[in-house]
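Hi,

Here is the structure I said I would pass on. Have a look at it first, and my notes follow below.

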Amino acid sequence: MPMKVRIEPSGHEFDVIAGETLLEAAVREGFHLPYSCRNGACGTCKARILSGTVTHKPYETKALSAAEKAAGLVLLCRAQPEGPVVIEAREIGVAKDIIIKTMPCRVARMEKLAPDVMRLFLKLPQNERLRYLAGQYIDILLKDGRRRGFSIANRPGADEFLELHIRHVPGGLFSGHVFTAMQERALLRFEGPLGTFFLREDTDKPVILMAAGTGFAPIKAIIEHSLSTDSRRELHLYWGARTRADLYLHDLALKWAAEHPQVRYTPVLSRPASADAWNGRTGYVQEAIVADWPDLSGFEVYGSGPPRMIEAAKGALASRGLPADAFYYDAFEYAQDPVPLP
């Protein structure tokens, strides 16, 4: 029998069927709660149980500590109710009109941006468009039922094609296929848009955008969207990478900063090669931000990259006065799976 879940303070209710997590059921029934990785690694979907009990599927302890769990916090993406449950969680109203779809698409163009980064342009069916918020992602649906999530790298409204940035992961199931076998005009299926990582536009606070590697993709969409609306809101982009080659759209970021006075760009390399002759910032991207901004209390920060960067940034940014509810992030791990693509 389905189990009833109520969200407080909204009072909204939904049913969870056997085998579903609280987040899966909420998304299925159209309720927009904060989430990102969906695999128990980032902690974005943390919520409080007010009544009822849940069991957790495996998760990483950095996403939910023992003390947090003892205090009644759960990860919605891993928690399965054992009966009726009441949760305390913040719903995101701006996403309420976004409809999650499963759609076919065709690979219209492939462009290698770096030795290990491929840009795909996906063509939607004729007369179809995907309504999404800049920063959201889609799941590519593989034939064996597995999924691979990729952020949409172009702004809404310029969505004749969906742009994805795909890093080649050694042993990667889908990325290996992209780099070794995929050809233009290949057919794919996806589900989306997904996620709650997008620019909040109900404030004029200056924004710091923090990206690592291909975490640049959703940040690119956010910047392009902001510029398309003629917003004068300050955008400070910090893009962290290992070497100069990993800043695969460096010239585009420089162009934004040159043409739009509200945009600033700071690239940061953690391991520049000697051949890079790099004279810019070095170290980790979150360290560059806290070095530049001793007081972040009046900012919003949007971060996209691996969970270890997000975790390091939480403490670093808080030490500069950034409120916890002013840090929005999209944490992801590159999937490694040496099974050949069916």
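Let me start with the core. The largest nonpolar core has 29 residues, and Leu 209, Phe 216, Ile 223, Leu 237, Trp 239, Tyr 248 and Trp 256 are the ones with the most contacts inside it. A nonpolar core here is a set of buried Ala, Val, Leu, Ile, Met, Phe, Trp, Tyr and Cys residues joined through side-chain atoms within 4.5 Å; buried means under 20% relative accessible area, exposed over 50% and partly exposed in between, with a 1.4 Å probe and protein chains only. At least two residues each come from strand E8 (101-114), strand E14 (207-212), H4, strand E15 (235-241), helix H5 (250-259) and strand E16 (263-269). H4 gives the most, with six residues. Helices (H or I, at least four residues) and strands (E, at least two) are DSSP runs, numbered from the N terminus.

Before you go further: this is a predicted model, where local features need pLDDT of at least 70 and side-chain atom pairs count only at pLDDT 80 or more, while totals for chains, interfaces and linings use all residues. Residues are numbered from 1 along each chain as its sequence is written, and side-chain values use heavy atoms, with hydrogens and water left out.

The largest pocket holds about 1100 Å³ and is lined by 47 residues, with Cys 37, Arg 38, Tyr 137, Asp 139 and Gly 149 nearest its centre. Strand E11 (147-151) is among the elements that give two or more residues to this lining, as are helix H1 (22-28), strand E10 (137-141) and helix H4 (216-228). E11 supplies the largest share, five residues. By class, the lining has 21 nonpolar, 13 polar and 13 charged residues (Ala, Val, Leu, Ile, Met, Phe, Trp, Tyr, Cys and Pro count as nonpolar, Asp, Glu, Lys and Arg as charged, and the others, Gly among them, as polar).

On the method: the grid is 1 Å over the protein atoms alone; a cavity is a set of points where a 1.4 Å probe fits but cannot get out, a pocket is an open set with protein on both sides within 12 Å along at least five of seven lines, and lining residues have an atom within 4 Å of a point. Grid points are joined across faces, edges and corners, and a volume is the space filled by probe spheres set on the points.

There are two cavities of 30 Å³ or more in the whole structure.

Some backbone details to check:
- Glu 8 and Pro 9 are joined by a cis peptide bond, with omega about 10 degrees.
- Gly 192 and Pro 193 are also joined by a cis peptide bond, with omega about 0 degrees; Pro 193 is in strand E13.
- Arg 185 is not a glycine but has a positive phi of about 85 degrees, and Arg 185 is exposed at 58% relative accessible area.

Cheers
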